[in-house]
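Please view the sequence and the model shown here before reading on.

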Amino acid sequence: MGSERDAGREQAELTGLRLASLGLKFNKIVHSSMTRAVETTDIISRHLPGVCKVSTDLLREGAPIEPDPPVSHWKPEAVQYYEDGARIEAAFRNYIHRADARQEEDSYEIFICHANVIRYIVCRALQFPPEGWLRLSLNNGSITHLVIRPNGRVALRTLGDTGFMPPDKITRS
């Protein structure tokens, strides 16, 4: 278990370096309140001094919606979909939206959370059937970049990018 944890810290370090190298003015980091996301946020934020951090239970890992087609290797309790799904949908509705009309320059927000949450949010943002969330595969420490334009159009720039990591540091969620 220790080596997994060390690998996760190395991945977070590499992700922090990558985000800092982009030269973007990040407005905030919103992160899951789960321990591994808090630890990841602490590591990444060292590379982004001055960016405020906001913790939320809405981004905690969970089972957002029953996948279709169903999968045999992953079967949470049916009640989990109702509890987690409502919370993860609330995260989507709370955080994924176009900027205020009075905003004069682009804003960049970082969300540090978990693969199931990211996959679901990507499907919802792109207006794809959210039941397909489990068909997307993400690597640990990867960067997914969604763009929401003032007119409401959404574009997916990258999904699960780990091209900035050496191949021996890449692991799947």
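Asp42 and Lys53 are joined through their side chains by a salt bridge, with an N to O distance of 3.5 Å; the term denotes a side-chain nitrogen of Lys or Arg within 4 Å of a carboxyl oxygen of Asp or Glu. This pair connects distant parts of the chain, since Asp42 belongs to helix 2 (residues 35–45) and Lys53 to strand 2 (residues 52–56), 11 residues apart. Helices (H or I, at least four residues) and strands (E, at least two) are DSSP runs numbered from the N terminus.

Asp42 has a relative accessible area of 33% and is partly exposed; Lys53, at 43%, is also partly exposed. Buried means under 20% relative accessible area, exposed over 50%, and partly exposed in between, with a 1.4 Å probe and protein chains only.

## Basis of the model

The model is predicted: local features need pLDDT of at least 70, side-chain atom pairs count only at pLDDT 80 or more, and totals for chains, interfaces and linings use all residues. Residues are numbered from 1 along each chain as its sequence is written, and side-chain values use heavy atoms, with hydrogens and water left out.

## Other salt bridges

The whole structure contains seven salt bridges. Side chains of opposite charge can pair when their charged atoms come close. One of the bridges joins Arg124 to Glu89, at 2.7 Å from N to O. Here too the partners come from distant parts of the chain: Arg124 lies in helix 4 (residues 115–125) and Glu89 in helix 3 (residues 78–95), 35 residues apart. Arg124 is partly exposed at 22%, whereas Glu89 is buried at 13%. A network of salt bridges links Glu89, Arg93 and Arg124.

Within helix 1 (residues 2–21), Asp6 and Arg9 stand three residues apart, about one turn of the helix. Their salt bridge has its closest N and O atoms 3.7 Å apart.

## Nonpolar cores

The largest nonpolar core has 14 residues, and Leu59, Phe92, Tyr95, Ile96, Val117 and Ile121 have the most contacts inside it. Such a core is a set of buried Ala, Val, Leu, Ile, Met, Phe, Trp, Tyr and Cys residues joined through side-chain atoms within 4.5 Å.
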